[in-house]
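Good morning, colleagues. Please turn to the sequence and the structure on the screen, and I shall take you through several of its features.

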Amino acid sequence: MGYRDIYKESNEQAEERFSLVMERIAEIAEETDVPEKFDDYFKKTAAFLLQLKNVSEKAEKDTLKDASLTECEKQNAGLYDDIKAENYGKSYGNPTYAVEKLGEEYGQILSALYAECRKRITDAYAAKKMNVTITAELFVEIYNYFEDKEGIDKTAIEQAVYWYFHDYSEIFIGDSVRELVDSEEDFLYQIVMNSDLNDLRYLYQYGQHIGKNETGIAAFLNGMSDEEIQAMADTYTEGYRIGFAATGKDLSKKTTAQVRYPIGFERMVRAAVKNLEKLHLKVTMRACSSAANKQYDYDHKEDKALYYDKAYVERRLEVMKTSFEEMKKLANGQAGPAVIEVFGEIPFSPETKKEVLKLDEKQQQLSVYDMSMSGQITNQYIIGEERSFTIIAYPVPEIGEKFEEIFAETVKINTLDYTLYQNMQQKIIDVLDQAEKVHITGKNGNKTDLYVSIWPLKDATKESAFENCVADVNIPVGEVFTSPVLKGTTGKLFVSQVYLNELKYLNLEIDFEDGVIRDYTCTNFEKEEECRKYIKENVLMNHETLPMGEFAIGTNTTAYRMARDFDIADKLPILIAEKTGPHFAVGDTCYSHEEDMVTYNPDGKQIVARENDFSKLRSEDMSKAYFNCHTDITIPYDELDKITVIRKDGTTEDIISDGRFVLAGIEELNKPLDR
């Protein structure tokens with residue numbers, strides 16, 4: 001059984017509806033009977049849906065792979081060129097243009113409808129005909145309202161959108177749960193494991209945007225030896241295995257692992273899948289490509305404002321729980337994600353537009369509730385205390401002409417001698433464990449002045465407040481971290497430039513009081529209001545405040561030197577950037593849903609700082625215990641003055657002074673800094 005069998009029944013059910021709706025759409029593409037200013041919109045969107053019809057029919061017959069490379073490139077361009085930056089100014093995917101051409105009353109909703117149609121591209125390639133059908137039917141239903149000679153009924157249009165998302169929750173949410181836990185949903189597996197990876201036509205079978213990063217990295221990996229590819233895969237999957245072993249979790253109880261990877265890395269992924277299968281794990285997969293236009297994605301990230309209310313959220317959560325319950329055994333067997341990230345894309349700082357749909361305050365509060373409850377449901381079926389993860393990152397060609405050198409250096413960083421770091425990090429922990437507080441200050445214009453309270457130890461001979469983190473779940477090696485005590489964790493965190501969740505922040509400034517965010521700002525936009533809104537939506541994830549969930553000291557000075565030598569500090573992923581200086585996470589702790597587990601450092605001491613004042617509420621009210629987000633913010637060494645331990649008796653000791661490590665026995669860490 002495979003994905004074609006999974007969707008065979010729904011495709012058969014959709015067949016007649018698909019034919020009928022596409023016939024109607026073909027008529028609309030030729031001639032419309034709507035007010036003139038909407039004519040172009042409906043014709044162009046209809047033409048786009050006819051492209052999906054063509055793809056769906058070929059996918060069902062499994063003939064997409066027969067196209068030449070030129071035909072594949074042309075088809076991909078035909079699906080994505082409209083929203084690329086050079087064309088976006090006159091795209092209906094651009095809410096600004098849509099409002100300008102279609103009017104304030106309907107521009108937003110029609111732009112959102114166009115974006116919803118575009119979401120069906122990958123469904124068409126995966127031969128999910130029902131998914132394409134229901135969205136095409138929504139398009140026709142809304143077209144019919146514009147065709148009404150008695151006048152356009154805006155309320156009816158809004159209701160059509162609302163009930164579309166409400167009624168078809170089973171399909172969209174059911175698909176997402178199945179793709180997470182069911183290895184028989186093998187659309188991506190078939191591409192990775194059965195394609196001729198030397199024939200780059202395979203890249204176009206996903207239906208995602210294929211650009212120079214995807215073709216470039218695929219060609220580059222094809223030029224590497226089998227031994228080099230296997231070594232990369234081994235580093236990745238061994239980190240996954242060690243993540244279970246180091247925390248005492250039983251991997252043998254699990255049946256699947258989720259492999260998340262960027263399109264273009266299939267050669268490495270194929271080797272990794274074989275490694276995981278040797279561990280008796282089948283795989284589920286999630287693939288992603290570089291965005292055709294990040295501004296388009298940003299413009300539509302809150303389109304759900306059209307239909308997002310309490311009733312819809314409760315319906316969504318009900319369907320999510322039902323879907324997990326139906327796949328309960330599969331979900332319980334899911335071991336967690338093994339993630340490959342990429343870096344090197346040009347940092348993105350979005351343009352804010354008044355025409356985009358935005359969640360109102362009530363909807364923002366609802367989204368926090370939705371996220372919390374979704375996390376609880378997922379954790380109920382994919383049990384947090386039993387799962388683990390790993391994550392590793394590599395550059396893509398967009399990083400510049402020295403891509404190959406940077407890639408080679410990244411491979412070295414990902415395979416640094418963890419025992420060397422483990423020993424040096426233990427010396428840092430030995431001093432940190434004496435702390436009542438740690439004082440962090442910046443220099444060179446960095447305004448950081450922050451005190452972090454440290455978990456008190458009952459028996460320093462048997463306990464530690466910090467974890468000695470080497471290259472297992474978080475690759476590369478290089479950090480010690482703790483869950484801070486919130487009371488007394490007070491002061492200012494400042495970073496001149498940082499890249500968080502693919503968004504750029506300038507002069508990010510966050511003030512903490514007793515461990516929670518009291519105030520925040522940046523200089524991305526002229527208006528203070530826009531800056532605060534940007535941070536609230538994308539760092540606080542619409543929460544009114546968040547606690548400091550983690551304090552860590554990154555020790556991977558080799559990665560820091562690579563960033564400076566190649567001038568790519570602004571392009572590093574947080575995975576590597578967090579190892580290149582002290583960092584502070586806002587949101588949940590690193591031990592979210594694992595607070596009651598007992599784990600030990602390599603020296604045998606138990607790691608005891610596993611919760612805070614919020615997560616300790618988990619037995620009373622899960623919604624108050626977890627925030628379902630965790631964002632690391634790193635101060636680079638060249639903006640760092642001191643990290644000073646303050647003991648209970650008032651004595652102090654520097655771990656870092658003037659941006660350099662000063663403890664005896666860790667001088668090796670300064671060598672890359674001083675080169």
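Which residues in α3 meet Q75, G78 and L79 in α4? They are F48, Q51, L52, N54 and V55. Before I continue, please bear in mind that this model is predicted.

Helix α3 covers residues 36-60, and helix α4 covers residues 69-80. Their axes lie 10 Å apart, and the helices pack at an angle of about 145 degrees. The crossing of α3 past α4 is left-handed.

I turn next to the aromatic residues. Across the whole structure, a search finds 36 aromatic pairs. One of these joins F614 and F627: the ring centres are 5.3 Å apart and the planes stand at 70 degrees, so the pair is edge-to-face. The cut-off behind that assignment is an angle over 60 degrees between the planes. As to location, F614 belongs to the loop between β15 (606-607) and α25 (622-625), while F627 belongs to the loop between α25 and β16 (630-634), so the pair ties together parts that are 13 residues apart in sequence. How do the two residues stand in terms of burial, buried or partly exposed? F614 has a relative accessibility of 25% and therefore counts as partly exposed, whereas F627, at 11%, counts as buried.

There is also a cluster linked by ring pairs, made up of F38, Y41, F42, Y92, Y97, Y106, F139, Y143 and F146.

At Y298, the charged end of K301 sits over the ring, 5.0 Å from its centre. At Y520, R532 lies over the face, and here the distance to the ring centre is 4.4 Å.

Another lysine deserves a word. K254 is found in the loop between α14 (226-246) and β1 (256-262). Is K254 buried or exposed? Its relative accessible area is 4%, so K254 is buried, the cut-off being under 20%. Leaving aside residues up to four places away in sequence, K254 touches H280, L281, N332, G333, Q334, A335 and E386.

Finally, the cysteines. How many disulfides does the structure hold? The number is zero.

Thank you for your attention.

Notes
Residues are numbered from 1 along each chain as its sequence is written. This is a predicted model: local features need pLDDT of at least 70, side-chain atom pairs count only at pLDDT 80 or more; totals for chains, interfaces and linings use all residues. Side-chain values use heavy atoms; hydrogens and water are left out. A disulfide is a pair of cysteine sulfur atoms within 2.5 Å. Rings of Phe, Tyr and Trp (its six-membered ring) pair if their centres lie within 6.5 Å; planes under 30 degrees apart count as stacked, over 60 as edge-to-face and the rest as tilted. Helices (H or I, at least four residues) and strands (E, at least two) are DSSP runs, numbered from the N terminus. Buried means under 20% relative accessible area, exposed over 50%, partly exposed in between (1.4 Å probe, protein chains only). A charge sits over a ring if NZ of Lys or CZ of Arg is within 6 Å of the ring centre and within 35 degrees of the ring normal. Axes are lines fitted to C-alpha atoms, for helices over the stretch in contact, and angles run from 0 to 180 degrees between N-to-C directions. A crossing is left-handed if the near helix is turned anticlockwise from the far one by less than a right angle, and right-handed if clockwise. Contact means heavy atoms within 4.5 Å.
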